[in-house]
There are 2 protein chains.
Amino acid sequence: MSKIPYKIYLEENEMPKEWYNVRADMKKKPAPILHPGTLKPVTVEDLTPIFCEELAKQELDDTTPYIEIPEEIRNFYRMYRPSPLVRAYCLEEKLQTPAHIYYKFEGNNTSGSHKLNSAIAQAYYAKKQGLKGVTTETGAGQWGTALSMACSYFGLDCQVYMVKCSYEQKPFRREVMRTYGAQVTPSPSMNTNVGRKINAEFPGTTGSLGCAISEAVEAATTQEGYRYVLGSVLSQVLLHQSVIGLETSTALKKYGIKADTIIGCAGGGSNLGGLISPFVGEMLRGEANYEIIAVEPASCPSLTRGKYAYDFCDTGKVCPLAKMYTLGSSFIPSANHAGGLRYHGMSSIVSELYDQGLIKARSVEQTSVFEAATTFARVEGILPAPESSHAIKVAIDEALKCKETGEEKNIVFGLTGTGYFDMYAYKNYNDGTMSDYIPTDAELEKYLSTLPKVD
Amino acid sequence: MSKIPYKIYLEENEMPKEWYNVRADMKKKPAPILHPGTLKPVTVEDLTPIFCEELAKQELDDTTPYIEIPEEIRNFYRMYRPSPLVRAYCLEEKLQTPAHIYYKFEGNNTSGSHKLNSAIAQAYYAKKQGLKGVTTETGAGQWGTALSMACSYFGLDCQVYMVKCSYEQKPFRREVMRTYGAQVTPSPSMNTNVGRKINAEFPGTTGSLGCAISEAVEAATTQEGYRYVLGSVLSQVLLHQSVIGLETSTALKKYGIKADTIIGCAGGGSNLGGLISPFVGEMLRGEANYEIIAVEPASCPSLTRGKYAYDFCDTGKVCPLAKMYTLGSSFIPSANHAGGLRYHGMSSIVSELYDQGLIKARSVEQTSVFEAATTFARVEGILPAPESSHAIKVAIDEALKCKETGEEKNIVFGLTGTGYFDMYAYKNYNDGTMSDYIPTDAELEKYLSTLPKVD
């Protein structure tokens with residue numbers, strides 16, 4: 001075995017040609033998503049007014065294990081993939097840990113994150129269907145940026161509803177999207193019925209992800225030739241993001257490395273789900289075992305403190321209902337929460353895996369996250385996104401445990417992206433003005449008590 | 001020969017173990033740099049109060065062709081190098097050109113540019129000499145960021161004098177430096193004699209690179225255990241940056257590609273000089289021939305409209321004099337100029353190669369540069385730095401010429417970095433408020449007439 005390089009890059013011909021659909025290997029599948037009107041499981045036909053047809057099929061397909069990645073998408077992937085699996089030699093030395101730490105780095109593209117993996121797939125299917133454009137929402141801005149890049153590549157119109165507080169705090173994110181030709185509207189806006197209603201009910205509101213989703217869905221369904229696309233939560237998105245896990249698995253095998261612990265941050269679950277899919281597949285088929293840890297912010301703790309129940313995916317309640325770990329569709333993390341990972345729910349696949357005990361979850365507070373981020377940046381030379389830094393925090397914690405026990409564990413984590421557009425949050429941390437917030441049980445109960453009655 | 005991949009990554013063991021010093025192959029060497037007091041060629045002893053000893057030696061060494069890269073530096077290089085040589089398939093298709101376009105992408109690291117290649121070397125030698133810290137200046141902020149990363153890695157104090165207008169326009173660049181533990185001071189400051197003098201003479205001035213250099217040099221020479229480091233212009237910097245050209249040359253050879261045209265942007269000349277060094281070496285040894293084009297902004301046209309003469313490297317006239325293409329040490333590009341490439345002079349190596357006719361130069365206006373940047377971003381998926389986009393502009397021009405002539409030229413250009421901290425300039429371009437400025441002959445003459453009399 002040759003010495004493991006700092007960065008393992010696969011060859012182009014080692015890149016996946018198929019996505020992996022972990023639902024196919026799950027004996028107990030994620031619960032079906034329900035029509036918001038009838039509360040019956042949705043059909044492809046129910047979804048096609050909102051989603052592209054091919055994506056609607058992928059959303060509901062829980063039996064096909066491998067789905068071909070169309071050549072046009074693979075060509076685009078080749079522009080920025082394979083992404084490196086990095087051996088964190090410098091971090092290991094800094095921590096003086098016997099653990100071997102690896103991270104799959106998805107930030108080496110202009111969108112700055114893994115979101116591009118699904119954005120290009122969704123744009124491709126929209127183009128193939130002959131659509132004029134797509135609508136979406138964005139919070140921290142990574143997804144909107146990724147989608148604007150993907151749409152520009154295929155010549156599609158791209159309309160982004162950006163949560164108003166992000167729109168105002170992150171003018172440069174918006175400018176990247178504009179450079180890629182997207183139209184960016186602060187949400188809630190006066191363009192949509194739901195936006196006007198929310199503005200009337202909550203004058204001066206700075207918006208939320210759930211509300212921006214409602215606006216984008218309305219915009220898609222009221223314009224000819226448009227569909228709605230979403231950057232996380234959905235099973236189709238986890239399918240596309242499996243490219244992360246497949247590359248990781250191939251890279252580890254190439255060097256004969258067996259992962260012990262796999263760690264990912266979890267907001268809607270797209271990165272975590274994509275990273276762990278092939279590994280969970282091995283577990284489901286009884287071929288291997290892994291410790292898998294989902295890391296979420298203490299200020300938005302859907303897995304660790306939410307309920308596993310049917311809930312609306314958006315604040316406006318126009319989207320289907322999914323059974324998931326949720327804090328309630330009107331939950332919004334406290335204003336001092338920096339970065340993404342602010343969704344009230346969680347991917348139904350990740351939720352079901354968590355419920356089956358195949359993955360663990362841990363919540364961490366943001367000052368400790370930025371401390372880990374700074375440590376990491378200084379030794380590994382990459383300034384991480386706040387979201388990704390949740391995984392760094394737990395990877396460091398686990399590596400320090402190995403220091404005590406002497407275990408030479410192989411720890412693999414997902415470094416989803418870079419923090420270049422999050423310097424406002426870093427400034428707060430550098431200035432010592434960043435604070436933590438953990439919602440009380442009473443606060444959470446207020447939202448959880450309003451969950452829809454389905455069963 | 002296998003099909004050329006989208007991205008050519010070298011293996012770690014193919015990375016250079018020595019830098020290449022092009023001066024060793026030059027029959028007519030760059031003119032010696034002169035002591036500002038005596039106007040005699042400087043010695044290593046003259047330089048060591050300002051520079052680290054090893055760097056002073058490298059600065060004056062014009063005979064040793066290969067200089068070993070210390071292992072500690074190679075270990076750091078492995079964190080973000082080898083950088084990919086990318087085949088611009090998508091840009092070629094967009095332009096419908098028969099030319100094959102390649103770019104060496106140096107932006108996949110948190111400093112966002114090639115500057116880290118020299119920063120880590122300079123920090124290493126400072127550490128090795130037992131220094132406490134280093135001082136420097138930064139304009140657009142790439143160099144300061146790179147140096148702060150390098151110093152953080154080796155545990156050195158890092159004091160950055162940042163041109164005041166950049167300090168104010170780019171708060172996030174500053175924040176990245178702070179995250180890496182650097183002290184960032186807007187220049188001209190009240191910390192130094194030269195800063196106080198400039199502030200008194202020009203109240204309200206927003207500073208210049210030449211002035212920030214003077215401040216940083218004064219800070220280095222008046223604090224125990226500090227030296228001054230510089231991110232471009234110097235021959236030592238070009239030496240370190242030869243890693244760009246060496247990797248490019250190895251990658252091209254690996255796939256049997258012979259470059260026809262090599263293009264780089266030129267401010268102080270570090271990226272261009274580093275990229276072209278091995279190729280110029282082949283030309284100097286009569287082994288091959290290349291068309292080499294240096295691209296500079298029309299608003300700061302040192303090669304295309306400057307004089308080849310001895311001049312001060314800084315506004316405060318505390319640094320040695322170099323023979324170079326210069327616009328005069330008090331020249332400052334017009335306020336509407338975006339990004340870097342704003343230095344009044346040019347590397348003495350690049351200047352001498354240009355004077356000998358081995359390289360050509362071309363100046364381009366910034367709106368055309370941002371137009372090229374946007375085209376590139378939309379098809380190649382990387383949002384380029386304004387500096388790098390000067391090279392993109394000329395690469396596109398050359399590829400379009402090939403479209404007319406039908407030539408299948410191999411065009412290689414240096415993509416020095418990303419523009420994530422330059423969105424203010426992109427906004428101006430997107431809003432249509434960006435303007436061009438070409439200084440008149442009379443304006444240039446005003447500065448050129450004040451060049452020091454040396455010969």
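**Entry 1: a pair in chain B**

I began with B:Arg285, which is partly exposed at 36% relative accessibility. I noted the scale: buried is under 20% relative accessible area, exposed is over 50%, and partly exposed lies in between (1.4 Å probe, protein chains only). B:Arg285 meets B:Glu287 in a salt bridge, at 2.8 Å from N to O. A salt bridge here is a side-chain nitrogen of Lys or Arg within 4 Å of a carboxyl oxygen of Asp or Glu. B:Glu287 is exposed, with a relative accessible area of 52%.

**Entry 2: what kind of model this is**

I wrote down that the model is predicted: local features need pLDDT of at least 70, side-chain atom pairs count only at pLDDT 80 or more, and totals for chains, interfaces and linings use all residues. Residues are numbered from 1 along each chain as its sequence is written, chains are lettered from A and ligands numbered from 1 in the order in which they are written, and side-chain values use heavy atoms, with hydrogens and water left out.

I checked the confidence next. pLDDT is the predictor's confidence in each residue, from 0 to 100. Chain A has a mean pLDDT of 95, and 99% of its residues reach 70 or more. For the complex, the predictor gives an ipTM of 0.93 and a pTM of 0.95.

**Entry 3: salt bridges in helices**

I looked up the total: 37 salt bridges over all chains. Side chains of opposite charge can pair when their charged atoms come close.

I picked A:Lys427 and A:Asp431, whose closest N and O atoms are 2.7 Å apart in a salt bridge. They are separated by about one helical turn because they sit four residues apart in helix 17 (residues 423-431) of chain A. Helices (H or I, at least four residues) and strands (E, at least two) are DSSP runs, numbered from the N terminus. A:Lys427 is partly exposed at 30%. A:Asp431 is partly exposed at 33%.

I then turned to chain B. B:Asp397 and B:Lys393 form a salt bridge with closest N and O atoms 3.0 Å apart. Both lie in helix 16 (residues 386-405) of chain B, four residues apart, about one turn. Is B:Lys393 buried or exposed? B:Lys393 counts as buried, at 18% relative accessibility. B:Asp397 is partly exposed at 23%.

I also found a network: salt bridges that share partners join A:Arg81, A:Lys104, A:Glu106 and A:Glu247.

**Entry 4: the backbone of chain A**

I stayed with A:Arg81. A cis peptide bond joins A:Arg81 to A:Pro82, with omega about -10°. A:Pro82 lies in the loop between helix 3 and strand 4 (85-87) of chain A. Another cis peptide bond joins A:Ser187 and A:Pro188, with omega about 5°. A:Pro188 lies in the loop between strand 8 (183-187) and helix 9 (193-201) of chain A.

Most residues other than glycine have a negative phi, and most peptide bonds are trans. I noted A:Gln96, which is not a glycine but has a positive phi of about 55°. A:Gln96 is in the loop between helix 4 (89-95) and strand 5 (100-105) of chain A, and is exposed at 55% relative accessible area. A:Leu341 also has a positive phi of about 55° without being a glycine. A:Leu341 is in the loop between strand 13 (321-326) and helix 14 (348-355) of chain A, and is buried at 12%.
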